[in-house]
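Visitor: I'm new to this one. Could you pick a single part, take me through it closely, and then show me what else is worth a look along the chain?

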Amino acid sequence: MKNIIIFGAPGSGKGTQSDLLVEKYAFRHISTGDVLRAEIKQGTELGQTAKKYIDKGQLIPDSLMVSILAATYDAMLPCEGVIFDGFPRTIPQAEALAEMLQERGTEVSCVLELHVADELLVERLVLRGKTSGRADDNEQTIKARLEVYHNQTAPLAEWYKKRNLLRTVNGVGSIEDINAQLCKAIDAI
Ligand code: AMP
């Protein structure tokens, strides 16, 4: 059982690359953003709560996010592996994930970081906003999301590096080249 985290700023290509990895390795994909957007679409209570944070570019509180993640993970078992996309986003979430996996007799296999400079991220997200229909892909919310990323999420790179789990890949280039580098990192574990 492989537990692979795809890590990077909004717009770094996590979703695109996750789709390709899922296809190649027959892994399951957990995108916490997709889970929350589905809840919003269905008009659930959870969706209504999540929307308040998402629209401002803020993070959903850790305790709520961790319970959503655990339920989503358990619903995917048994499987060959899971790609975590958009989770964890804070150190408490990473700690909770380690504990959750340990309780299930498994652990994080590796963390694949896609590195992309901020200016390019803004450009990519503004462009995506033209077709994504996502309310948070507008310039003001994009800026807030990037600030949240640098303050709350980016420190996780160091956290995982200390645990010897971080593999950083240049997230600028062709989708195929980036995918090949990610596959190489996965094949090495
Ligand atoms: P994403 O699709 O991964 O860019 O996520 C969109 C939004 O959903 C984020 O800006 C957050 O508001 C929320 N979200 C997704 N995943 C998490 C998470 N792990 N922790 C807190 N909020 C999250």
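Guide: Let's start with a working word: contact means heavy atoms within 4.5 Å. You're looking at a predicted model, where local features need pLDDT of at least 70 and side-chain atom pairs count only at pLDDT 80 or more, while totals for chains, interfaces and linings use all residues. Residues are numbered from 1 along each chain as its sequence is written, and side-chain values use heavy atoms, with hydrogens and water left out.

Setting aside neighbours within four places in sequence, Gly13 is in contact with Leu114 and Arg124. Along the chain, Gly13 and Arg124 are 111 residues apart, yet their C-alpha atoms are separated by 9.5 Å.

Where they touch, Leu36, Glu39 and Ile40 of H2 meet Leu46, Gly47, Ala50, Lys51 and Ile54 of H3. Sorted by class, that contact has five nonpolar, one polar and two charged residues (Ala, Val, Leu, Ile, Met, Phe, Trp, Tyr, Cys and Pro count as nonpolar, Asp, Glu, Lys and Arg as charged, and the others, Gly among them, as polar).

H2 has another partner in H4: they pack at about 95°, with axes 11 Å apart. That makes H2 roughly perpendicular to H4. Here Thr32, Val35 and Leu36 of H2 meet Met65, Ile68, Leu69 and Thr72 of H4. This time the tally is five nonpolar, two polar and no charged residues. Notice Leu36, which turns up in the contact with H3 and in the one with H4.

Thr32 takes us on to the ligand: of the 16 residues around the ligand, Thr32, Arg37, Gln58, Gly86 and Gln93 come nearest (a residue is near if one of its heavy atoms lies within 4 Å). There are polar contacts too (pairs of N or O atoms within 3.5 Å; within protein, one must be able to donate a hydrogen and the other to accept it, and residues adjacent in sequence count only if both atoms are side-chain atoms). Gln58 has a backbone N or O atom 2.6 Å from a ligand oxygen atom. Ile60 has a backbone N or O atom 3.1 Å from a ligand nitrogen atom, and an N or O atom in the side chain of Arg89 is 3.0 Å from a nitrogen atom of the ligand.

Most residues other than glycine have a negative phi, and most peptide bonds are trans. Ala26, in the loop between H1 and strand E2 (28-31), has a positive phi of about 60° although it is not a glycine. The peptide bond from Leu77 to Pro78 is cis, with omega near -5°, and Pro78 lies in the loop between H4 (62-76) and strand E3 (81-85). The bond from Phe87 to Pro88 is also cis, with omega near 0°; look for Pro88 in the loop between E3 and helix H5 (91-103).

Technical notes: Helices (H or I, at least four residues) and strands (E, at least two) are DSSP runs, numbered from the N terminus. Axes are lines fitted to C-alpha atoms, for helices over the stretch in contact, and angles run from 0 to 180 degrees between N-to-C directions. Angles under 35 degrees count as roughly parallel, over 145 as roughly antiparallel, 65 to 115 as roughly perpendicular and the rest as oblique.
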